[in-house]
Amino acid sequence: MKIKHVLVALTLLIASGSTLAVPITNLIVSDTNIQVGENFGVDVWIDNDVVGEQLLSFGLDVQPVSPLLNYTGFTLPIDFADVSFGPQNVSGLAFPGITGTNILLATLMFQAVDVGVANIGVEGLFDGIFLGLFYENSGFDITAQTTITIEAAPVSMPSPNAWLFVLVFVIGITVTNKRYKFFTR
């Protein structure tokens, strides 16, 4: 009986060693102090644990954007040719394929329009044609989300010199006006 358990455990160990790891998608915000009116980028990275295969292409959709943000577009690194379609789609093709542990897929660009906490998400459910991560022999989903906090832009107060200039200007107008009245009598 013990031999059977050992054989089953050994079989499971060998089978688990031959499986591929799933790439993990991460969204990294370029700026942690985002204020209303500011433009900022969000990098889409994959932790590429698919051993022995090259990444050939990817496709993802930017999820519906929070009303606190405007999605303004994206940029792709030089490794990918742009084959995107539609306003929310980001797709890239790499030839030759890419290997490595961390791969930048794209940088999404946003503008903060109001104060609050906003969600940013991407999704590319592998469909065998346009969405997901396409490797030589495998395909995987792309899903990731992050939240950002948008703060109010600081209110700038005029410098004391500006107030001094306004005060001198008002005094000058008042004195000039009184002189003019004096001479016109």
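Start by selecting M109, which sits in strand β8; strands here are DSSP runs of E with at least two residues, helices are runs of H or I with at least four, and both are numbered from the N terminus. Before you go on, know that this is a predicted model, in which local features need pLDDT of at least 70 and side-chain atom pairs count only at pLDDT 80 or more, while totals for chains, interfaces and linings use all residues. Residues are numbered from 1 along each chain as its sequence is written, and side-chain values use heavy atoms, with hydrogens and water left out.

Is M109 buried, partly exposed or exposed? It counts as partly exposed because its relative accessibility is 29%; buried means under 20% relative accessible area, exposed means over 50%, and partly exposed is in between (1.4 Å probe, protein chains only). Now show what M109 touches: leaving out residues up to four places away in sequence, you'll find F40, G41, N70, Y71, T72, G73 and F74. A contact here means heavy atoms within 4.5 Å. Draw a distance from M109 to Y71: they are 38 residues apart along the chain, yet their C-alpha atoms are separated by 6.1 Å.

**Zoom out**

Switch to a cartoon view of the whole chain. Going along the sequence, the pattern is α-β-β-β-β-β-β-β-β-β-β-β-β-α. Of the 185 residues, 30% count as buried. Take the contacts between residues at least 6 apart in sequence: 72% of them join residues at least 24 apart.

**Into the core**

Which residues have the most contacts inside the largest nonpolar core? Select F40, L69, L105, F110 and L133: those are the ones, in a core of 34 residues. β3 (39-47), β4 (55-62), β5 (69-75), β7 (89-98), β8 (102-112), β9, β10 and β12 (142-151) each supply at least two residues of this core. β8 gives the most, with six residues. A nonpolar core is a set of buried Ala, Val, Leu, Ile, Met, Phe, Trp, Tyr and Cys residues joined through side-chain atoms within 4.5 Å. In soluble globular proteins, nonpolar side chains tend to be buried together.

Pick L105 and display its surroundings. Not counting residues up to four places away in sequence, L105 touches V44, I46, L55, F58, L76, P77, F80, L133 and I142.

Next, click on I103, also found in strand β8. I103 counts as buried because its relative accessibility is 4%. Leaving aside neighbours within four places in sequence, I103 is in contact with V44, W45, I46, N48, L55, F80 and I98. From I103 to N48 is 55 residues along the chain, but their C-alpha atoms are separated by 6.8 Å.

**Ring spotting**

Now show the aromatic side chains. Rings of Phe, Tyr and Trp (its six-membered ring) pair if their centres lie within 6.5 Å; planes under 30 degrees apart count as stacked, over 60 as edge-to-face and the rest as tilted. By this rule there are six aromatic pairs. F40 and F110 are a stacked pair, because their ring centres are 5.8 Å apart and their planes are at 25°. This pair links distant parts of the chain, with F40 in strand β3 and F110 in strand β8, 70 residues apart. F40 is buried because its relative accessibility is 2%, and F110 is buried with a relative accessible area of 1%.

Compare Y135 and F140, an edge-to-face pair with 5.8 Å centre to centre and 80° between the planes. Both Y135 and F140 are buried.

**One last stop**

Where is the cis peptide bond that has an omega of about 5°? Select F95 and P96, the two residues it joins. P96 is found in strand β7. For background, most peptide bonds are trans.
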